[in-house]
Amino acid sequence: MARTLIHAPTTARKGEVIEIRTLIAHPMETGYRAGADGRTLPRDIIRRFACRYNGEVVFSADLYPAISANPYFAFYVVADASGSLVFTWEGDNGFAQTESATITVS
Amino acid sequence: MTVRGVAAVVVAWLLAGAGAFAQTAPDAKRSGFDTMSPRIQAMQRDDLQNPGMLWVADGEVLWNKIFGISFSCAHCHGDAKKSMRGVAAHYPDWDKTDGKPVDLVQRINLCRTRHQLVLPLPPESVEMLGLEAYVAHQSRGMPLAPSTARELDAPRERGRQLYEQRIGQLNLSCALCHDKLPGHVLAGATIPQGHVNGYPTYRLEWQGLGSLQRRIRNCLSGVRAEPPPFNSTEMVELELYLAQRSAGLTVETPAVRP
């Protein structure tokens, strides 16, 4: 499991625009670099990130080899109902990670 | 203007001059943070953008982890937020048992081999960087205050000589760039004063966290010299001098650098 840091407010007013920020530990190996033995290191990147708010995708991104290690995402969501925010990262070599946060909207 | 008026102006000028001097003296030391672009500064300031915090979070888990059949760091040291506050700011320090100077990494490994009875962690391993970053992070915001143990004077002096020694095929010393030419540009990058107040540091060039020893070895290969091995006597002596040289600067661990 990769280490993640997530910042999402736990409470919000209905209709409020909230900022969500995520950071995940990942080498994002491009597939173009040579290793110490001169051989090309196989590509190992996260290919897709998505955030679901009560099951609905509210933000997603495709990632490519030029994106640096430990990718950071910051985005805004309108808080319209209490529930869950589920974050998923998927990538090469079967990489898959899911984290979640709950939010109470009043 | 009366004589008294002139005297007052002169006194005021002298006071202003003294004030300006008092202000510029500490300014002479500038953290690498000050010469970075605002975007990288913002990355360091915000704990959620600073990738070094991933290692700090790992370190916190390791701090509380029981190694082998023995006990965790927390069993003896308790809450690192209290017990480790300010500790990293005075390393390297003198180890009475072995009678030699040790840096923070070596201290953590001595704790492992003497008390936890487990193998030392290899240099630059994820676990060692995590623990080092976690311990050093507890001193963030405090001034670097190198140990004043008398035994450290001789090794620190040897470190200063290494710092000023021309070395490698390019025949450069650390002092040539970092004392004489900071602010100038080398291969498109601004030469910093080379202070050690943010280690272990997340370097964008490395795409990861690295220790001061990694940074020094990096610089030494740059001047085409043979870098001393990790944890060698020369390395610790150099670290001792560098800590003295950066004394008073605020600890930034984990710093972000280009």
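Trainee: In which sense do strand E3 and E6 of chain A pair, and over how many bridges?

Mentor: In this predicted model, strand E3 (residues 17-24) of chain A and E6(A) pair in the antiparallel sense over seven bridges. Within that pairing, A:Arg21 stands opposite A:Ala74 in E6(A).

Trainee: OK, and what order do the strands of that sheet come in?

Mentor: The sheet is an open one of three strands in the order E1-E3-E6 (chain A), with antiparallel pairing. Strand E1 (4-7) and strand E6 (72-78) of chain A are the edge strands, each of them pairing on one side only.

Trainee: How much are neighbouring strands turned against each other?

Mentor: On average, neighbouring strands of this sheet are turned by 15° against each other, with direction ignored.

Trainee: Switching to chain B, how is that one divided?

Mentor: Chain B is divided into domain 1, covering 52-137, and domain 2, covering 148-257. The C-alpha centres of these two domains of chain B lie 22 Å apart, and the contact takes 21 residues from domain 1 of chain B and 22 residues from domain 2 of chain B.

Trainee: Which elements make up the domain 1 side of that contact?

Mentor: On the side of domain 1 of chain B that touches domain 2 of chain B, at least two residues each come from helix H3 (52-63), strand E1 (93-95), strand E2 (100-102), helix H6 (104-116) and helix H7 (126-137) of chain B. The largest share, five residues, is that of H7(B). By residue class, this side of domain 1 of chain B divides into 14 nonpolar, three polar and four charged residues.

Trainee: And the largest nonpolar core, which residues touch the most other members there?

Mentor: That core has 50 residues, and those touching the most other members are B:Ala88, B:Leu104, B:Ala133, B:Val135 and B:Ala136. Several elements each supply at least two residues of this core, including E3 and strand E4 (46-53) of chain A, and helix H10 (212-222) and helix H11 (233-245) of chain B.

Trainee: Why does this core lie between the two domains of chain B?

Mentor: Because domain 1 (52-137) and domain 2 (148-257) of chain B both give residues to this core, it lies between them.

Trainee: What does B:Ala88 touch, leaving out residues up to four places away in sequence?

Mentor: With those left out, B:Ala88 touches B:Leu104, B:Val135, B:Ala136, B:Ser139 and B:Val251.

Trainee: Which residues does the second core include?

Mentor: The second core is separate and has six residues, among them A:Cys51, A:Ala79, A:Leu85 and A:Ile103.

Methods:
Residues numbered from 1 in each chain as written. Chains lettered and ligands numbered in written order. Predicted model: local features only at pLDDT ≥ 70, side-chain atom pairs only at ≥ 80, totals over all residues. Domains from an automatic or database assignment. Contact = placed C-beta atoms within 7 Å. Helix = DSSP H or I, 4+ residues; strand = E, 2+ residues; numbered from the N terminus. Nonpolar A, V, L, I, M, F, W, Y, C, P; charged D, E, K, R; others polar. Pairing = 2+ DSSP bridges. Axes fitted to C-alpha atoms, helices over the stretch in contact; angles between N-to-C directions. Core = buried A, V, L, I, M, F, W, Y, C linked by C-beta atoms within 7 Å. Buried ≥ 20, exposed ≤ 12 C-beta atoms within 10 Å, placed from the backbone.
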